[in-house]
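Here is a short briefing on one protein chain. Look at the sequence and the model first, then read on.

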Amino acid sequence: MVMLTFLQMATRLLIALILGGVMGLEREILGKEAGVRTAMLVSSGSAIFTMISLMVPYVADPSSTPSDWNTIPDRVLANIVVGIGFLGAGIILKTGERVRGLTTAAVIWAVAAVGSLVGMGLIKLAIFSAITLSGALFITRKIGLYEWLRPDKRQESGRFSSLDD
């Protein structure tokens, strides 16, 4: 492994920014608590922290070799997951019997994972993940999967009224 160049780091940051924006689009369209800007920042921040973790050994001791390094990247990734968990917990609200913000919190968690993939240089997997996860959100909302799975909510929302018997 060699130290990343500025161009490589800048490219990864821009890719994380774009993928985060794509993933936050569905939440933004619905007017949810965390949309495009939040997702862009979470994805980019995760990518930056991941790249920092890859660069720490070079900055700390440029003469060191990979066999001398302690496992810094995995510790940083673990802390990204924990930190994003706290951010997501702040988005989730329970009022009476209703829980709001759970999907938005999960999107933020997934956005951080995609940003970390980009930071590690796993660009193809990050792109595939962002497209797949975003597509799943759009498709399940478009077909009204929630209403199909929860008949009590179907009647409340007025959707699929011809299917209500």
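Helices (H or I, at least four residues) and strands (E, at least two) are DSSP runs, numbered from the N terminus. R27 is found in helix α1, which covers residues 6–29. This is a predicted model: local features need pLDDT of at least 70, side-chain atom pairs count only at pLDDT 80 or more, and totals for chains, interfaces and linings use all residues. Residues are numbered from 1 along each chain as its sequence is written, and side-chain values use heavy atoms, with hydrogens and water left out.

**The whole chain**

- The chain has seven helices and two strands.
- From the N terminus on, the order of elements is α-α-α-β-β-α-α-α-α.
- Of the 165 residues, 32% count as buried. Buried means under 20% relative accessible area, exposed means over 50%, and partly exposed lies in between (1.4 Å probe, protein chains only).
- The accessible surface comes to about 10200 Å², and 69% of it belongs to carbon and sulfur atoms. Such areas come from the Shrake-Rupley method with a 1.4 Å probe; for residues, only the protein chains shown count as cover.
- Take the contacts between residues at least 6 apart in sequence: 59% of them join residues at least 24 apart. Contact means heavy atoms within 4.5 Å.

- R27 counts as buried because its relative accessibility is 3%.
- The side chains of R27 and E26 are joined by a polar contact of 2.8 Å. A polar contact is a pair of N or O atoms within 3.5 Å; within protein, one must be able to donate a hydrogen and the other to accept it, and residues adjacent in sequence count only if both atoms are side-chain atoms.
- Leaving aside neighbours within four places in sequence, R27 is in contact with K32, A34, G35, T103, T104, V107 and R141.

**S44 in helix α2**

- S44 sits in helix α2, residues 36–60.
- Is S44 buried or exposed? S44 counts as buried, because its relative accessibility is 6%.
- The S44 side chain reaches the backbone oxygen of M40 at 2.8 Å.
- Beyond four places in sequence, S44 is in contact with L13, A16 and L17.

**V111 in helix α4**

- V111 lies in helix α4, residues 102–120.
- The relative accessible area of V111 is 0%, so V111 is buried.
- Not counting residues up to four places away in sequence, V111 touches G20, M23, A39, V42 and S43.
- V111 and S129 are 18 residues apart in sequence; C-alpha to C-alpha, they are 9.4 Å apart in space.

- The axes of α1 and α4 are 9 Å apart, at an angle of about 160 degrees. Axes are lines fitted to C-alpha atoms, for helices over the stretch in contact, and angles run from 0 to 180 degrees between N-to-C directions.
- The two helices α1 and α4 are therefore roughly antiparallel. Angles under 35 degrees count as roughly parallel, over 145 as roughly antiparallel, 65 to 115 as roughly perpendicular and the rest as oblique.
- α1 passes α4 in a right-handed crossing. A crossing is left-handed if the near helix is turned anticlockwise from the far one by less than a right angle, and right-handed if clockwise.
- The contact between α1 and α4 includes G20, M23 and R27 of α1, and T103, T104, V107 and V111 of α4.
- α4 also packs on helix α5, residues 123–142: their axes come within 8 Å and cross at roughly 165 degrees. α4 and α5 are therefore roughly antiparallel to each other.
- The crossing of α4 and α5 is left-handed. Among the residues that meet there are V114 in α4 and L125 in α5.
- How do the axes of α1 and α5 cross, and at what angle? They come within 9 Å and cross at roughly 5 degrees. α1 and α5 are therefore roughly parallel.
- The contact between α1 and α5 includes L19 of α1 and I127 of α5.

**Two residues of α5**

- I127 is in helix α5. At 34% relative accessibility, I127 counts as partly exposed.
- I127 and L19 are 108 residues apart along the chain, yet 7.0 Å separates their C-alpha atoms.
- L125 is also in helix α5. L125 counts as partly exposed, at 43% relative accessibility.
- L125 and V114 are eleven residues apart in sequence and 8.3 Å apart in space, C-alpha to C-alpha.
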